[in-house]
Amino acid sequence: MNGKNTSEAKRILWFAPTAGLWASAELENDLANAWARAGHEITVIRCRGVLKSYCPVMTAEGIAANTPVKAKEVACRECRFNASIFDSPAHALYSTVWLDDFVTTEISRSAKKLVESVTKDNWMELHSGAIPVGRYASYLTLLHHKVPTPAAHDAAWQEYTSDLYNSLITMAALPAIFDRVTPDLVSVYNPLYPTNRMFIETALARGLSLVSVTAGGYIPDRYSTIALYPAVHSRHTARESRARAAGMNQ
């Protein structure tokens, strides 16, 4: 694996801002602890509200992007409460950093200006270097609204611009986190979520290895359907999962 450590133990940075999604967050917590018990040093990135404009936790709770702020704040409180459980000394064998602490006023201001500059005609043209941020930020909007473009109607567009803002601030804040943690490899649950994709692209630009995690949607069988794979576009197969899991200790 790529990285700076020459020993068997790895420094693993895990992007997990959606603690309010209990099923996936519990799985993330269990895997992070398992890797910590295997001797790896785990750091988990959480969110305490910086992604409050709209996030997958809110979607799961039936909150729309145009829902009043008070309802979104309820989802944020629940997310922080879950994070406090997972990250407590009684449950966590890993350390936690908060994305919020790295999103400066300048980062927020710059992201807002970029979002305001995006239109329903040019949204796919927004890039940051080689990263097509405008396109990657559309993933959940297209999935939720079943439309070919986020410009299809106002509800889709509002969700898209929220995801775009969150993607931009995440991408801008992550380099400082990577510099602090200096990971050997990174992990994330479902790398296609917009902010998750920014995390992946930041890691890949630094030449780091990736462990992507997914699991089946049927909760009772969730742990028996875990798939771990080394790239965004890899097939989610049991064979790849076993190979990647074995590679963690090589």
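Thr214 sits opposite Ala227 in E6, in a predicted model where local features need pLDDT of at least 70, side-chain atom pairs count only at pLDDT 80 or more, and totals for chains, interfaces and linings use all residues. Residues are numbered from 1 along each chain as its sequence is written, and side-chain values use heavy atoms, with hydrogens and water left out. Strand E5 (residues 209-214) pairs with E6 in the antiparallel sense over three bridges; pairing takes at least two bridges between two strands by DSSP.

**The sheet**
- Six strands make an open sheet in the order E3-E2-E1-E4-E5-E6, and the pairing is mixed.
- Strand E3 (95-98) and strand E6 (227-229) are at the edges with a single partner strand each, so one side of each has no neighbour in the sheet.
- From one strand to the next, the twist averages 25 degrees (axes are lines fitted to C-alpha atoms, for helices over the stretch in contact, and angles run from 0 to 180 degrees between N-to-C directions).

**Helices across it**
- Overall you get nine helices and six strands, taken as DSSP runs numbered from the N terminus (helices: H or I, at least four residues; strands: E, at least two).
- Helix H1 (residues 22-37) lies across E1 (11-15), E2 (41-46), E4 (185-189), E5 and E6, at about 175 degrees to E1.
- Helix H7 (residues 154-181) lies across E1, E2, E3 and E4, at about 160 degrees to E1.

**Whole protein**
- Buried residues (under 20% relative accessible area, 1.4 Å probe, protein chains only) come to 53% of the 250 residues.
- Of the contacts (heavy atoms within 4.5 Å) with a separation of 6 or more, 68% link residues 24 or more positions apart.

Note on methods: Buried < 20%, exposed > 50% of the residue type's maximum accessible area, 1.4 Å probe, protein only.
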